[in-house]
Structure formats: structure tokens, C-alpha cells
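Here's a quick briefing to read alongside the model. Have the sequence and the 3D view open as you go.

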Amino acid sequence: GRCFYQLGECQEALQYAQMAYQHGVEFQDAARQMSAQYTIGHTLCKMGEYREALPHFEGYLELARVLGDRVAEANALTDLGNTYLQLQETSKSIEYQQQALALSSKLV
């Protein structure tokens, strides 16, 4: 999915990322699910479908926390903040960005 995303082929990116997500669920592979949620969320944002991207970034965040991947957690918080900013929901954007900053400062 990410290759198609980089090429700007959003529909193909979504298709492959959704298949990867389903395989992750089927094989109980949380890392694959997390990666697919990331790709789906970013692809939807690239398509201007910000509201639809939110559940995928929330899933990405949840899986990052389950896996204990603090870098991915900080990235997911940033992605949520950026998406809410695009939706002009400034207070939610700031809330997520502040969480991302607090977490990122602990990782340095």
C-alpha cells in the first residue's frame, strides 16, 4: 500500500492497505495492523477524507500503545492533531499535539 501511496495511486494504496489490515487481523499480527492503519489514515488524508481518516489514526494509536511502540504512539498523536487541524477543530488538534510533544520529549 505504501508504494502506491508514494506514487499517488490512492485507490490502490487503500485496497492493499485494507488487505494488509485484514491479514493482520486474521494472523493476529498487531504490527501489521498498525502499519496498515497508518497507511489507510494517511491515504485518506491525501484524498481529503479527513473525517474518515480519524478512526484509522485512532486504531494506529491504540495498537502502538498495545505494542509499547512509543515512537509510533507519538507519530499517531501527531497525525491525529494534524487531522483535527485540517478539520478546523483547533482545540482537539492542540490537545493531541501537546500529548505528542510531551511523549516525544521523553524519547530524546
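A word on terms before we start: a residue counts as buried when its relative accessible area is under 20%. By that cut-off, 36% of the 108 residues of the protein are buried. Keep in mind that this is a predicted model.

**Overall fold**
- Along the principal axes, the C-alpha trace spans about 35 × 30 × 20 Å.
- Take the contacts between residues at least 6 apart in sequence: 45% of them join residues at least 24 apart.

**Surface and charge**
- The accessible surface comes to about 6,400 Å², and carbon and sulfur atoms account for 51% of that.
- There are 8 positive and 13 negative charges, and their mean positions sit 6 Å apart.

**Helix 3**
- Helix 3 covers residues 30-46, and its 17 residues reach 24 Å from first C-alpha to last, close to the 24 Å expected at 1.5 Å a residue.
- How many of the 17 residues of helix 3 are buried? The count is 12, so the helix is largely enclosed by the rest of the structure.
- Among the buried ones are Met34, Ile40, Gly41, His42, Leu44 and Cys45.
- The buried residues of helix 3 pack against helix 1 (2-6), helix 2 (10-26), helix 4 (50-67) and helix 5 (70-86).

Methods: Residues are numbered from 1 along each chain as its sequence is written. This is a predicted model: local features need pLDDT of at least 70, side-chain atom pairs count only at pLDDT 80 or more; totals for chains, interfaces and linings use all residues. Side-chain values use heavy atoms; hydrogens and water are left out. Buried means under 20% relative accessible area, exposed over 50%, partly exposed in between (1.4 Å probe, protein chains only). Contact means heavy atoms within 4.5 Å. Accessible areas come from the Shrake-Rupley method with a 1.4 Å probe; for residues, only the protein chains shown count as cover. Lys and Arg count as positive and Asp and Glu as negative; His and the chain ends are not counted. The place of a charge is taken as NZ of Lys, CZ of Arg, CG of Asp or CD of Glu. Helices (H or I, at least four residues) and strands (E, at least two) are DSSP runs, numbered from the N terminus. The expected span of a helix is 1.5 Å times one less than its number of residues.
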